[in-house]
Amino acid sequence: MSTLTARGRRTREKILRAAVDAFSSKGFADTSVSDVLQSSGTGKSQFYHYFENKADLVREVLRYQRLQSLGGRDPEHGHLDSWERLRCWFDRLVEVTAEAGCGGLDLVGAFPAELASDPSLRREVQKTAHLRRRVLSRGLCRMKRRGLLVDDADPKRLARFAAAAIEGGLHLSSTEGSPEALRDALEETWARLREYAV
């Protein structure tokens with residue numbers, strides 16, 4: 001996609017947010033492009049300027065969800081290399097989940113048939129899970145190199161554990177309509193990781 005103006009970015013994000021809300025509440029099959037347009041207050045020409053069709057919108061929603069589920073920004077820019085930064089990232093995940101209406105970050109259940117039949121959509125979901133594990137693994141490896149984790153800590157194993165807790169917390173928060181499940185999962189994860197602190 002070509003570089004967007006500030007106004008273009010706002011319009012595109014408005015459509016994405018409306019799609020997130022619609023997919024998470026009504027499901028993919030029962031959501032039409034017209035529903036998204038009506039909810040976002042945009043027109044067909046605007047929609048087709050940013051998205052080829054409904055399937056393209058779903059792919060972009062999954063990419064948008066990936067960024068949001070990383071705390072709304074790429075934590076690699078700030079490097080998760082300290083307990084303080086890891087704590088801030090966990091807190092930001094809860095904030096973003098609450099801002100997205102809880103269901104907004106767990107869209108896999110909104111269109112299971114489409115994910116089963118479309119390999120490109122499955123890849124987008126897998127990328128989200130993979131990136132979250134990679135961010136955690138790199139951060140915990142940095143922390144171990146800095147002497148913040150005990151010698152027998154396995155950063156990759158701890159990252160898998162933390163990523164699984166986040167996935168489960170996001171799913172339960174979506175089901176319950178509250179960020180509390182994610183908050184609880186992250187608190188328990190934090191306590192477990194701190195057992196490896198020097």
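Hi everyone, let me open with a definition: patches are made of residues with over 30% relative accessible area and no salt bridge, where like charges are joined within 9 Å and nonpolar side chains (Val, Leu, Ile, Met, Phe, Trp, Tyr) within 5 Å. For the charges, Lys and Arg count as positive and Asp and Glu as negative, while His and the chain ends are not counted. The place of a charge is taken as NZ of Lys, CZ of Arg, CG of Asp or CD of Glu.

Two sentences of housekeeping. This is a predicted model, in which local features need pLDDT of at least 70, side-chain atom pairs count only at pLDDT 80 or more, and totals for chains, interfaces and linings use all residues. Residues are numbered from 1 along each chain as its sequence is written, and side-chain values use heavy atoms, with hydrogens and water left out.

Now the overall picture. The protein chain has nine helices and zero strands; here helices (H or I, at least four residues) and strands (E, at least two) are DSSP runs, numbered from the N terminus. Read from the N terminus on, the elements go α-α-α-α-α-α-α-α-α. There are 198 residues in the protein chain, and 49% of them count as buried. Buried means under 20% relative accessible area, exposed over 50%, and partly exposed in between (1.4 Å probe, protein chains only). The accessible surface of the chain is about 10,300 Å², with 48% of that belonging to carbon and sulfur atoms. Those areas come from the Shrake-Rupley method with a 1.4 Å probe, and for residues only the protein chains shown count as cover.

What about contacts, meaning heavy atoms within 4.5 Å? Of the contacts in the protein chain with a separation of 6 or more, 71% are between residues 24 or more positions apart.

Which residues form the positive surface patch? They are Arg 7, Arg 9, Arg 10 and Lys 14. Lys 14 sits in helix 1 (residues 6-26) and is partly exposed, at 43% relative accessible area. Helix 1 also holds Val 20, which is buried at 5% relative accessibility.

Next, salt bridges: a side-chain nitrogen of Lys or Arg within 4 Å of a carboxyl oxygen of Asp or Glu. By this rule there are eleven salt bridges. I'll walk through three of them.

Let's start in helix 4, with Glu 60. Its side chain meets that of Arg 63 in a salt bridge, 2.3 Å from N to O. Glu 60 is buried at 14% relative accessibility, whereas Arg 63 is partly exposed at 32%. Arg 12 joins in as well, as Arg 12, Glu 60 and Arg 63 are linked in a network of salt bridges. Leaving out residues up to four places away in sequence, Glu 60 touches Arg 12, Leu 16 and Phe 51. Tyr 50 is ten residues from Glu 60 in sequence, and their C-alpha atoms are 9.8 Å apart.

The second bridge runs between Glu 167 and Arg 132, at 2.0 Å, N to O. Glu 167 lies in helix 8 (residues 155-176) and Arg 132 in helix 7 (residues 119-145), so the pair ties together parts that are 35 residues apart in sequence. Is Arg 132 buried or exposed? Arg 132 is buried, at 1% relative accessibility, while Glu 167 is partly exposed at 34%.

To finish, two residues from the later part of the chain. Ala 162, in helix 8, is buried with a relative accessible area of 0%. Beyond its neighbours within four places in sequence, Ala 162 is in contact with Leu 136 and Thr 189. From Ala 162 to Ala 185, 23 residues along the chain, the C-alpha separation is 8.9 Å. Asp 151, by contrast, is in the loop between helix 7 and helix 8 and is exposed at 72%. Its C-alpha atom is 8.8 Å from that of Val 198, 47 residues away along the chain.

Technical notes. Contact = heavy atoms within 4.5 Å.
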